[in-house]
Amino acid sequence: MQVKEYKPLIVAFCCNWCSYAGADLAGNNRLNYPADVKIIRVPCSCRVNPMFVLRAFQRGADGVILCGCHPGDCHYTSGNYYTRRRMALLFSMLDYLGIEKERTRVEWVSAAEGAKFAATMNDFAEKVAALGENKRLEDLRCKR
Amino acid sequence: MQKITRDQLIEKAASLLANGTVSCVLGWQKGEFDYDITPAVFETEDELKANFVWNDFCGANFSKYLVSKTKKCEGKILVFLKPCDTYSFNQLLTEHRFDREKVYAVGIPCEGMADIAKVKAIAGDGISAIDCSGEKLAVTTIYEDAPVMIDAKDVLAERCVNCKSKKHVAYDELIGEDGDVIDSARFDEVAKIEAMTPDERFAFWQNELSRCIRCNACRDICPACTCEKCVFGNPNSSLENKSPANSFEEKMFHIIRAFHVAGRCTDCGECSRVCPQHIPLHLLNRKFIKDIDSFYGEYQAGAEVGSRAPLVNYTTDDLEPGEVFERGDN
């Protein structure tokens with residue numbers, strides 16, 4: 001039996017108005033970032049319900065990253081401020097339950113920051129890969 | 001032992017029924033045993049005299065019942081509120097969940113409620129009767145003739161040991177004396193868990209939450225959980241039932257349950273009281289309250305009507321989610 005090399009599965013929720021365009025820019029500029037990052041486009045970072053994050057983990061993600069506009073630059077004026085509060089509490093709670101805090105992250109990436117997007121993803125993928133497979137948040141029913 | 005008596009409450013309720021101020025009374029009634037007291041609606045003085053109960057096991061918080069009962073009951077409804085219940089009462093008013101005009105709230109002092117699990121730990125199983133009228137609880141079991149005398153202080157429910165307030169924040173009328181907000185040690189246990197290593201924390205919660213049978217009692221009793229349709233009630237979500245294997249499923253339920261009431265939870269402790277598996281669910285809620293207090297300033301949900309909950313509010317220089325872990329107290 002051939003043993004497959006471990007590759008982390010990373011889910012990135014990207015705001016349509018900034019980070020999603022940032023990812024596009026990274027691609028246009030031929031900047032490398034891991035193919036393990038699966039981008040989900042959301043209309044605003046505050047569209048991300050805490051359940052989305054947990055659901056991603058349950059379905060086998062090893063890391064979840066949220067990318068939104070810089071505070072103050074939200075397309076909808078204040079969406080990312082709510083995200084910031086929600087995710088601060090959610091991450092703190094996940095930590096409280098003993099789940100590795102490196103598996104979750106929030107990063108503000110604007111449409112002009114293609115380089116930052118690629119660098120963030122490289123860094124995050126590296127950290128998650130170092131943690132290894134996500135055992136604490138897996139759901140056996142969703143195992144592939 | 002409670003300071004006010006059952007007779008005082010019945011007298012008050014009967015006089016309000018007689019003069020037409022209220023048309024029904026939300027009160028406690030004896031269940032199958034002396035300790036499983038259930039909420040009930042009374043419409044006449046005779047019903048009150050026959051079934052109304054007020055003792056150390058009347059823990060039920062009536063605030064949430066008002067949401068459905070004010071719609072059903074014609075005229076005003078009389079509700080008895082202990083100090084901690086009044087916080088939930090205010091929180092539900094803030095969220096416009098019931099019509100204040102249809103409620104006549106009577107504040108009653110509370111000396112703390114007993115936890116039946118603690119009583120059973122001392123007196124043993126087979127409890128046939130509990131008499132709360134004396135200085136001590138007299139617990140009669142089917143195995144002994146003489147009742148076991150227990151000091152009420154020894155069997156106080158966890159939420160009452162760390163009572164946050166004896167002050168009524170909402171009422172139309174008060175029986176007895178009003179108390180003060182108490183500077184309690186309710187976050188000590190949360191701090192103890194925070195001080196553990198991540199592996200210990202994971203083991204602790206795995207141990208607690210894997211007992212969950214997903215009966216949803218914590219959700220159904222919670223005065224902050226008042227959605228008519230719940231995300232956990234969706235049969236297509238694979239989340240509505242307990243998963244057969246030990247997995248993330250029950251943690252997900254409990255994280256989301258606590259998160260949905262974060263910033264609105266008044267820390268009434270009903271979730272832990274009703275849990276048939278004795279999971280300390282209040283520790284999840286208190287973690288959120290503690291975090292909110294330390295990240296965004298002290299906030300007590302329900303302390304006043306109309307206050308803006310921390311999660312529907314923001315400031316431009318809030319803490320970044322990544323900074324949560326760099327703080328010393330986490």
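C14 of chain A sits in strand β1 of that chain; strands here are DSSP runs of E of at least two residues, helices are runs of H or I of at least four, and both are numbered from the N terminus. This is a predicted model, in which local features need pLDDT of at least 70 and side-chain atom pairs count only at pLDDT 80 or more, while totals for chains, interfaces and linings use all residues. Residues are numbered from 1 along each chain as its sequence is written, and chains are lettered from A and ligands numbered from 1 in the order in which they are written.

Back to C14(A). It counts as buried because it has 25 C-beta neighbours inside 10 Å. The cut-offs are 20 or more other C-beta atoms within 10 Å for buried, 12 or fewer for exposed, and partly exposed in between, with C-beta atoms placed from the backbone. Which residues does C14(A) contact, leaving aside neighbours within four places in sequence? They are S19(A), Y20(A), A23(A), I39(A), R41(A), V42(A) and C67(A); contact means C-beta atoms, placed from the backbone, within 7 Å. R41(A) is 27 residues away along the chain, yet its C-alpha atom is 5.1 Å from that of C14(A).

Now the sheet. Chain A has an open sheet of 4 strands in the order β2-β1-β3-β4, with parallel pairing; strands pair if DSSP finds at least two bridges between them. β2 (37–42) and β4 (104–108) of chain A are at the edges with a single partner strand each, so one side of each has no neighbour in the sheet. On average, neighbouring strands are turned by 20° against each other, direction ignored. Strand β1(A), residues 10–15, pairs with β2(A) in the parallel sense over 6 bridges, and V11(A) stands opposite K38(A) of β2(A).

Helix α1 of chain A, residues 19–28, packs on the sheet and touches β1, β2 and β3 (63–68) of chain A, its direction making about 115° with that of β1(A). Axes are lines fitted to C-alpha atoms, for helices over the stretch in contact, and angles run from 0 to 180 degrees between N-to-C directions.

α3(A) lies across β3 and β4 of chain A, at about 160° to β3(A). Of its 18 residues, 16 are buried. Just after α3(A), G98(A) has a positive phi of about 85°.

Last, chain B. Its secondary structure comes to 12 helices and 8 strands. Of its 330 residues, 39% count as buried. The contact with chain A takes 35 residues from chain B and 34 residues from chain A. α10(B) gives the most to the chain B side, with 6 residues.

Conventions
Two residues are in contact if their C-beta atoms, placed from the backbone, lie within 7 Å.
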